[in-house]
Amino acid sequence: MSKAGLKKAFRSMTRDEIAEMVLELYDARREAKDYLDYWLAPDPDRALDEAKASAEKMFFYSTGKPRSQPAAADLKRLVKNFSTLVFDSDKIADLLMYIAERQYIWVTQKRSGFLQAEVAVRRAYDNARVYIEGAALEDLYGLRLERLAESIDDFFRDPPRPQRRSRRWHW
């Protein structure tokens with residue numbers, strides 16, 4: 001349905017019917033609930049903290065142990081949902097940097113599969129870099145980007161050898 005069709009449908013509904021439909025939508029879809037909650041009381045800092053907490057849960061258990069690699073689609077969905085709520089490019093850049101940093105930390109805590117995860121780490125870094133450059137936020141995030149790039153390059157230049165798990169091999 002187009003916006004014009006939606007407007008036409010709204011015009012044919014009473015105020016109470018529209019309110020009931022919005023309440024049903026609020027109950028039915030998490031994205032709609034998040035949007036309406038933010039619309040009623042916009043707090044970009046709280047929304048950023050919640051998005052960062054969601055990203056952290058994708059990478060690590062509450063104990064700090066790494067989870068299996070999060071799907072790129074889940075990370076993209078997190079950023080997309082956040083960017084539809086908060087239009088502040090600084091906050092979006094901060095979230096992208098946070099995800100890239102978490103991706104790097106996640107890889108460094110893994111016991112094996114470093115080379116397979118390198119693509120994901122570099123992709124997360126590139127996504128953040130491209131967004132920051134496009135939004136002209138290099139002055140705010142340039143140093144953070146440089147440090148992360150150096151860390152990634154240093155780690156993958158000489159990744160640790162995978163450790164065997166057996167009685168004869170110890171950490």
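Reader: Leaving aside neighbours within four places in sequence, with which residues is glutamine 103 in contact?

Author: This is a predicted model, in which residues are numbered from 1 along each chain as its sequence is written. Local features need pLDDT of at least 70 and side-chain atom pairs count only at pLDDT 80 or more, while totals for chains, interfaces and linings use all residues; side-chain values use heavy atoms, with hydrogens and water left out. Taking contact as heavy atoms within 4.5 Å, and setting those neighbours aside, glutamine 103 is in contact with Phe59, Gln69, Leu75, Ala120, Val121 and Ala124.

Reader: Is glutamine 103 buried or exposed?

Author: The classes rest on relative accessible area, with a 1.4 Å probe and protein chains only: buried is under 20%, exposed over 50% and partly exposed in between. Because its relative accessibility is 2%, glutamine 103 counts as buried.

Reader: In which helix does glutamine 103 lie?

Author: Helices are DSSP runs (H or I, at least four residues), numbered from the N terminus. The run in question covers residues 89–109, and 16 of its 21 residues are buried. Glutamine 103 therefore lies in helix 6.

Reader: How far apart are the end C-alpha atoms of helix 6?

Author: The expected span of a helix is 1.5 Å times one less than its number of residues. For the 21 residues of helix 6 this gives 30 Å, which agrees with the distance in the model, so the end C-alpha atoms are apart by 30 Å.

Reader: What is the angle between the planes of phenylalanine 155 and phenylalanine 156?

Author: Rings of Phe, Tyr and Trp (its six-membered ring) pair if their centres lie within 6.5 Å; planes under 30 degrees apart count as stacked, over 60 as edge-to-face and the rest as tilted. The count comes to three aromatic pairs, among them the tilted pair of phenylalanine 59 and phenylalanine 60, with 6.4 Å between centres and 45° between planes. Phenylalanine 155 and phenylalanine 156 form an edge-to-face pair at 5.1 Å centre to centre, with an angle between the planes of 85°.

Reader: Which residues form one aromatic cluster?

Author: Both phenylalanine 155 and phenylalanine 156 are buried. The aromatic cluster is formed by Tyr104, Phe155 and Phe156.

Definitions and conventions: Helices (H or I, at least four residues) and strands (E, at least two) are DSSP runs, numbered from the N terminus.
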